[in-house]
Amino acid sequence: MDKPVLRRPRRIVTGHDAEGRSIFLEDGPAPNLLQPDHAPNVGMFNLWRVMSMPADNAGSADTASADATITLAPPEGGITFRVMEFPPDKERNYTAQKEVFKAYGNPEAISHGEQRHPGFHKTHSVDFAIVLEGEIWALMDVGETLMKAGDVLIQRGTNHAWSNRSTKAARVAFVLISAHPS
């Protein structure tokens, strides 16, 4: 089965020239994409990563280049900015979640035991989730809420899942900030 072609977000990166003037370094589709083999209609695009705080704006190194490693959690002491595409739940393969989270580089994040949704997971991070397109349900151990375009969720190291119960893909931007375990 061929992997579906997912729309890459446009990424514009600024920097400085040799004289210290501000310039555009890049303007084009996000250079990386993680599409797990077991869930190829799910897309994770890292747009930028800050490896430690405070961030280093010197030079022109691309922390989210095409060959950069994509992991679910942000770097320890750092930040990840990403866009994810969530297909409708009825089109998503949830039968191999262990393999999907292994592909995400964080197999320990998946929740164990009986959960009401197979996508429940937890990372040591504070996540700002902004719905860009479509709608998606944010699920907690207790409760759930429907999020639509423009809505923002501040997820503070909680066990959670995302459920797209609509008939169209949902695109969500995330800023993930490394945090102490909750």
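Reader: Which residues do ring pairs link into a cluster?

Author: Phe86, Trp162 and Phe174. Before we go on: this is a predicted model, where local features need pLDDT of at least 70, side-chain atom pairs count only at pLDDT 80 or more, and totals for chains, interfaces and linings use all residues. Residues are numbered from 1 along each chain as its sequence is written, and side-chain values use heavy atoms, with hydrogens and water left out.

Reader: Why is the pair of Trp162 and Phe174 called edge-to-face?

Author: Rings of Phe, Tyr and Trp (its six-membered ring) pair if their centres lie within 6.5 Å; planes under 30 degrees apart count as stacked, over 60 as edge-to-face and the rest as tilted. Here the centres are 5.6 Å apart and the planes stand at 75 degrees, so edge-to-face it is. The two residues are twelve apart, with Trp162 in strand β9 and Phe174 in strand β10 (strands are DSSP runs of E, at least two residues, numbered from the N terminus).

Reader: What makes Ala169 partly exposed?

Author: Buried means under 20% relative accessible area, exposed over 50%, partly exposed in between (1.4 Å probe, protein chains only). Ala169 comes out at 33%, so it counts as partly exposed. Ala169 lies in the loop between β9 and β10, whereas Trp162 and Phe174 are both buried.

Reader: What puts the charged end of Arg165 over the ring of Trp137?

Author: The rule asks for NZ of Lys or CZ of Arg within 6 Å of the ring centre and within 35 degrees of the ring normal. The charged end of Arg165 is 4.6 Å from the centre of that ring and counts as sitting over it.

Note on methods: Helices (H or I, at least four residues) and strands (E, at least two) are DSSP runs, numbered from the N terminus.
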